[in-house]
Amino acid sequence: MASQDIEGREVLIADEAGACYGVERALKMAKETAEKAEGPVHTLGPLIHNPVVVSELTEKGVTVVEDPAVGPKATLLLRTHGVTPEVEEAARQSGAEVLDATCPFVKKVHKAVERLDHEGYQVIIVGEQGHPEVEGTLGHAPEALVVASAEDLDGVLIRHRVGVVVQTTMAKAVLDQVVNALTDRADEVLVLNTICSATSKRQSAAATLAQEVELMLVIGGRSSANTTHLAQICSEVCANTHHIETAGELDPSWFEGINRVGVTAGASTPRTQIDEVVTAVKQLG
């Protein structure tokens, strides 16, 4: 982990923190498209769950739309969380140039549920109902059941053969709890652990760092599932944990008497935002 001494206060940055490959890939696609496209450029929903970055893209001419029918002169980027096949087809039918910025790890989840559904398993998606990634995944297995916890299985009819996938940004502990509950109720439980490796590494690094500091800062959008889970994991170890989106949210009172500060960030948080927070902590003295 990176360490910076700030006038007697040590700031430690988690070994794994900030933007993952899928986010960096999508941002590169959006910026390059904005530079060369002759017509309007849109993303279907926010490209990533980071309000700061979405605002920066808007300034570059990449705007957010919710309707895929943007017309033949436009370029439409599918968000990193993915979309249903029907939504993608509607975008292509509109005549727009469609660029797929879906995270490759999310694509693997789509293929996994299609496989399980084809092989006759009762498909269960461990994830957050209504989350864009989960909604996109459901498009590939419409009869799948979405559960966010083991308690969500109460009263649900479970068949003999169950296939499980998981939202890429969920905590491993949640998946384990759901699988344990299913094991007691089904004859066969096939688990395809589709948690993104970047998510797992960030969660592990954050938990380790939280044990070593007096205050943890978790940087990322409040609508970002992976950032929210990071904050939850850190708060279980370090009660003095704060989830912030920008350096402007820092409260000087948080740092009174604090000598060791830990910093981590969600997979949709660019390094520049991490650096801005560290700089702001430094200026607090």
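**Close-up 1. Strands β3 and β4 pair in the parallel sense.** In this predicted model, strand β3 (residues 41–44) is joined to β4 over four bridges. Strands are DSSP runs of E with at least two residues, numbered from the N terminus, and two strands pair if DSSP finds at least two bridges between them. Thr-43 stands opposite Val-64 in β4.

**Close-up 2. An open sheet is formed by four strands.** The order is β4-β3-β5-β6, with parallel pairing. β4 (62–65) and β6 (97–100) stand at the edges with a single partner strand each, so one side of each has no neighbour in the sheet. Neighbouring strands are turned by 30° against each other on average, direction ignored. Axes are lines fitted to C-alpha atoms, for helices over the stretch in contact, and angles run from 0 to 180 degrees between N-to-C directions.

**Close-up 3. Helix α7 crosses helix α8 at roughly 30°.** The axes of α7 (residues 197–210) and α8 (residues 225–237) come within 8 Å. The two helices (DSSP runs of H or I, at least four residues) are therefore roughly parallel to each other, a term for angles under 35 degrees. Arg-202, Gln-203, Ala-206, Ala-207 and Ala-210 in α7 meet His-229, Leu-230, Ile-233, Cys-234 and Val-237 in α8, where contact means heavy atoms within 4.5 Å.

**Notes.** Residues are numbered from 1 along each chain as its sequence is written. Local features need pLDDT of at least 70, side-chain atom pairs count only at pLDDT 80 or more, totals for chains, interfaces and linings use all residues, and side-chain values use heavy atoms, with hydrogens and water left out.

Notes: Angles under 35 degrees count as roughly parallel, over 145 as roughly antiparallel, 65 to 115 as roughly perpendicular and the rest as oblique.
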